[in-house]
Amino acid sequence: MLSSAGPPRNVSTGTLGSGAIAAPAVLSLHDRSVARPSAALHVGNTIVTFNDSLQPGNFLATNGLGPHGAAFDSAKGEVFVPDTQTNTVSVVSASVALLIANLPVGMAPEAAIYVPSVSEVFVANAVSNTVSVINDTNDSVVATVAVGTQPTALVWDPGVGVVYVVNTQSDNVSVISLPSNTIVANIPVGTFPGGIAYDSGTHQLFVADADSSNVSVIADRNNTVVATVTVGAEPMGVAYDNATGEVYFANSGSPTLSVVSDSTDGVTATINVSSSPEAVVYDPGTQEVFVALPYANSVSVIAAGNHTVVATVAVGLGPFALAYDAADAWVFSANQASSNVTGISDATDTVVANVEVGSAPAASVFNPSLDTLFVANGESRVVDVFYLAADQLLGKVLVGTDPAALAFDPATGQVFVANSGSASVTVIDANSLSIVRTIPVGDHPEGIAYDSGTGQMFVTNAASGNVSVISDANDTVVRTISTGTSSWPLGVAYDNATGRVFVVRDGNSDVWAISDATDAKVADIAVGTNPGPAVEDSGTGEVYVGNLGSGNVSVISAAHDSVVATVPGLANPAGVGYDPASNAVFVTSTNPLAAVSAPGNVSEISDRSHHVFAEAEVGAQPQSIGYDSTSGQIFVGNEWQGTLSILQADARFNVTFQETGLQNGTVWGVLFGNDFIGTLASTVVFPSANGTVPFQVPSLAGYQVSPASGAVVVNGSDQVIPVAFTSTSNGSVFTVTFTEANLPFGTTWRVLFNGTVQASFNRSLEFHVPNGTYTYSASTDPPYDAPPASSVQVAGHSVTVTLPFTHLPSGHGQDRFEVLFTATGLPVGVAWSLVWNGTTNTTSNATLAFFLANGTYVYAVERLSGYTVTPTSGSVQVVGLDQEVALQFAPDVPTPPLAATIPSSGPPWAEIAAGGAVAAIALAVAGVWLYRRGPREQVPSARRGAP
């Protein structure tokens with residue numbers, strides 16, 4: 001258990017994404033191999049936030065999300081709380097108000113009861129159509145009983161020694177005999193039954209039939225319905241008062257309770273409450289009835305003697321179940337939306353305890369001055385604060401509803417918390433852990449970033465379509481910037497070098513660059529589909545944006561306001577974070593359809609090559625990423641398990657490839673493991689863990705290279721590998737210079753020349769070749785068109801070629817759509833060719849993209865020695881939508897080993913494009929809430945329409 005800490009030590013560290021920005025230094029390849037990355041990464045320890053414990057390794061904890069029931073065990077003084085979203089039961093000690101266990105049961109447990117005659121707890125599993133039987137001596141499941149469809153309520157009848165189970169979808173009640181745990185009867189009742197109560201005075205069961213708006217009365221002597229009573233609309237919860245012989249029914253379809261006399265089976269009173277009630281429990285100690293009002297986040301207290309409301313108690317979010325504790329004279333409320341249990345004293349009708357039974361880390365931020373980590377729990381209103389030097393819990397701060405994002409302000413020593421559910425930002429003093437102020441902002445604030453240049457916080461308000469600008473001088477909103485009513489702004493990142501704030505607009509699949517000096521939009525940058533999280537890389541001056549719908553990450557140059565790379569193969573990238581110590585960006589991959597216990601994944605991307613070079617398994621549904629520069633650790637919040645994975649990298653050493661023999665300005669590269677870097681510099685550096693890593697240096701036209709391939713043995717030290725290029729043209733190498741015309745400065749353009757692609761932000765680029773005739777083609781992005789493909793002859797002197805680009809007519813750029821050809825089945829670096837609308841295009845990349853107006857276009861795939869391809873040709877009709885054409889290559893003979901897969905005629909940088917020539921095709925997703933809301937949507941409700 002993480003203990004309370006003493007005064008934190010003072011440390012001097014940096015923060016996530018802080019520092020100066022430099023222009024991109026290398027070009028990048030737009031795909032990666034499926035081979036295992038060479039740099040090792042693993043989870044060292046796991047912080048379990050909902051019970052504040054530290055576990056070694058990648059600990060896959062159970063969690064208590066979505067409490068939807070409660071049963072009090074009088075023998076042990078414990079409350080058993082079914083957790084619908086995580087298929088578990090939380091066990092809470094009533095006397096000390098602490099979570100002591102979390103037990104796996106069936107799917108979507110909805111209700112629980114304690115049976116003292118057998119010392120067992122019975123749990124109704126709504127989706128499994130079963131009842132789990134828990135032995136309270138050792139908190140273990142000892143039996144599973146199959147019942148009807150969607151069991152949602154239970155009651156124990158001590159007179160005949162059975163448990164009655166209400167099956168909501170099959171409109172009946174199952175009878176379980178004790179202690180054999182066998183079904184002895186199934187009793188038909190009304191439509192969509194919900195709650196049930198045992199009447200010890202008449203030995204009858206009262207069943208609330210929600211859709212029938214009536215009550216079925218069952219005699220336990222023969223298990224038959226002996227009466228039907230009409231009550232209010234959609235009765236759900238039921239409670240019996242043995243002092244008066246009355247049964248209380250919570251009418252969820254109207255804000256009332258119906259009171260039924262068990263002597264006449266007739267309604268004797270109707271009690272008005274403030275909101276639709278769902279659950280009800282009788283307190284014999286005070287002769288009061290407690291009523292859960294989930295839509296008012298409160299519990300009403302009713303005096304049974306005169307049927308009047310005497311108190312209303314605010315509890316957690318969405319109270320759907322109640323349990324009475326006679327030993328402590330408390331009533332416990334299970335609050336589904338805030339994943340906690342509230343204890344209410346029946347003597348004072350006040351809250352005396354709150355116990356978290358679940359946690360969903362939505363965001364974290366590091367305070368370098370005190371070495372503390374702030375973690376926002378998205379399933380409650382709590383921010384946990386950990387003192388990292390001693391692995392201790394410092395405290396918990398109660399903030400707004402559904403905290404979604406955090407940012408640290410080093411100038412004021414404050415932490416700003418964006419509360420998505422309450423449209424506010426909470427300001428916490430990082431030293432005293434006290435709340436300084438709560439600031440109203442727009443609807444559903446989802447992202448927040450600190451602007452060190454102006455001392456302001458930029459808060460993205462998703463549902464309002466705007467950004468709130470907060471001054472840290474007085475903690476007030478000083479401006480509001482509109483991003484469009486349907487823009488749904490989410491992630492936000494700040495670049496100190498340019499003074500720009502980058503706002504991700506999910507609704508428009510783009511990113512706005514906003515000047516913090518003028519609050520004006522200075523660029524609109526198209527990215528992938530359903531973009532969400534964003535982080536700034538201070539080492540390269542780039543912004544990384546996770547595109548959930550496209551399954552990739554867009555890399556934006558802050559200096560040029562354009563996409564310079566796309567990192568593919570990252571399923572549902574829900575979180576991104578930057579580590580300046582390793583010059584790496586970390587990306588979480590989530591799977592909303594995976595089991596709650598299934599591990600998630602984190603990928604480490606080199607910010608030089610834009611390639612994934614390390615991966616690690618973490619907890620289920622990893623979302624947020626935080627960086628601790630003191631220890632160099634990465635903290636990954638796993639939403640479905642209430643944990644923080646602490647990532648650690650194995651010791652890494654630099655492997656440097658040193659080139660000699662090339663003219664200045666010649667592009668060359670190295671494939672190291674599965675990571676490729678192309679560069680204009682004389683060295684290429686890869687970080688690597690210990691081990692043997694294969695490499696290749698693709699040949700260049702007019703040169704021989706030595707070594708062309710090999711393996712590097714890394715064993716505890718850096719390595720330098722000399723690479724010698726020798727001219728094969730007796731020194732007769734000439735420069736072909738391409739110069740663009742008509743493009744705005746900073747626009748990305750590309751030239752495919754002799755099988756090699758170069759990209760440029762500047763006015764010109766160069767190739768160095770011997771005498772000969774060479775074909776070339778140019779490309780750029782709308783709203784500009786490139787000139788047609790042509791050829792150039794080199795005959796004993798250098799040549800300059802001017803490329804006049806053409807601006808499309810106004811509005812026409814928006815009428816051009818992407819046709820993306822995707823090749824699978826080829827080893828990395830193998831070149832393939834596509835004849836597209838009469839022009840041959842060759843690439844070593846896995847994708848080839850064209851931006852075209854509406855029309856019909858034909859294509860053919862050229863024969864590739866050793867492979868067959870499907871399809872070999874066809875046509876594409878562009879009618880207002882992006883399209884993808886899948887090309888499947890299959891080897892005629894077994895695929896050669898990696899060392900032989902890159903022929904000299906097709907170097908792997910054939911599709912290097914610092915301007916981001918290829919944008920991944922959009923994939924449809926349910927919506928923006930996929931990356932943070934996914935787990936909640938997987939669990940059926942006990943209400944109408946559930947399976």
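The model is predicted, and its secondary structure consists of one helix and 82 strands. Of the 947 residues in the chain, 61% count as buried.

**Chain as a whole**

- Among contacts that join residues at least 6 apart in sequence, 50% link residues that are at least 24 apart.
- The chain exposes about 32300 Å², and carbon and sulfur atoms supply 51% of that area.

**Nonpolar cores**

- The largest nonpolar core has 24 residues, and the members that touch the most others are F821, W832, L834, W836, V876, L887 and F889.
- At least two residues of this core come from each of the strands β75 (817–824), β76 (832–836), β78 (847–852), β79 (855–861), β80 (867–870), β81 (873–878) and β82 (883–891), with the largest share, four residues, supplied by β75.
- For L834, once its neighbours within four places in sequence are left aside, the residues in contact are F821, T839, T840, N841, L848, F850, Y859, A860 and V861.
- Apart from this core lies another one, made of 22 residues, which include L662, W668, V670 and V712.

**Strand β58 and its partners**

- Strand β58 (residues 653–660) pairs with strand β61 (residues 683–688) in the antiparallel sense, and six bridges connect the two; within this pairing, N654 has P687 of β61 as its bridge partner.
- Strand β58 is also joined by six bridges to strand β65 (residues 719–727), and these two strands run parallel; here Q658 stands opposite P722 of β65.
- As a general point, side chains in a regular strand alternate between the two faces of the sheet.

**A nonpolar patch on the surface**

- V96, L98 and I100 form a nonpolar patch on the surface, and together they have about 280 Å² of accessible area.
- V96 is located in the loop between β5 (88–93) and β6 (98–104).
- Why does V96 count as exposed? V96 has a relative accessible area of 51%, and the class of exposed residues begins over 50%, so V96 falls into that class.

Definitions and conventions
Residues are numbered from 1 along each chain as its sequence is written. This is a predicted model: local features need pLDDT of at least 70, side-chain atom pairs count only at pLDDT 80 or more; totals for chains, interfaces and linings use all residues. Side-chain values use heavy atoms; hydrogens and water are left out. A nonpolar core is a set of buried Ala, Val, Leu, Ile, Met, Phe, Trp, Tyr and Cys residues joined through side-chain atoms within 4.5 Å. Buried means under 20% relative accessible area, exposed over 50%, partly exposed in between (1.4 Å probe, protein chains only). Contact means heavy atoms within 4.5 Å. Accessible areas come from the Shrake-Rupley method with a 1.4 Å probe; for residues, only the protein chains shown count as cover. Two strands pair if DSSP finds at least two bridges between them. Patches are made of residues with over 30% relative accessible area and no salt bridge: like charges are joined within 9 Å, nonpolar side chains (Val, Leu, Ile, Met, Phe, Trp, Tyr) within 5 Å. A salt bridge is a side-chain nitrogen of Lys or Arg within 4 Å of a carboxyl oxygen of Asp or Glu.
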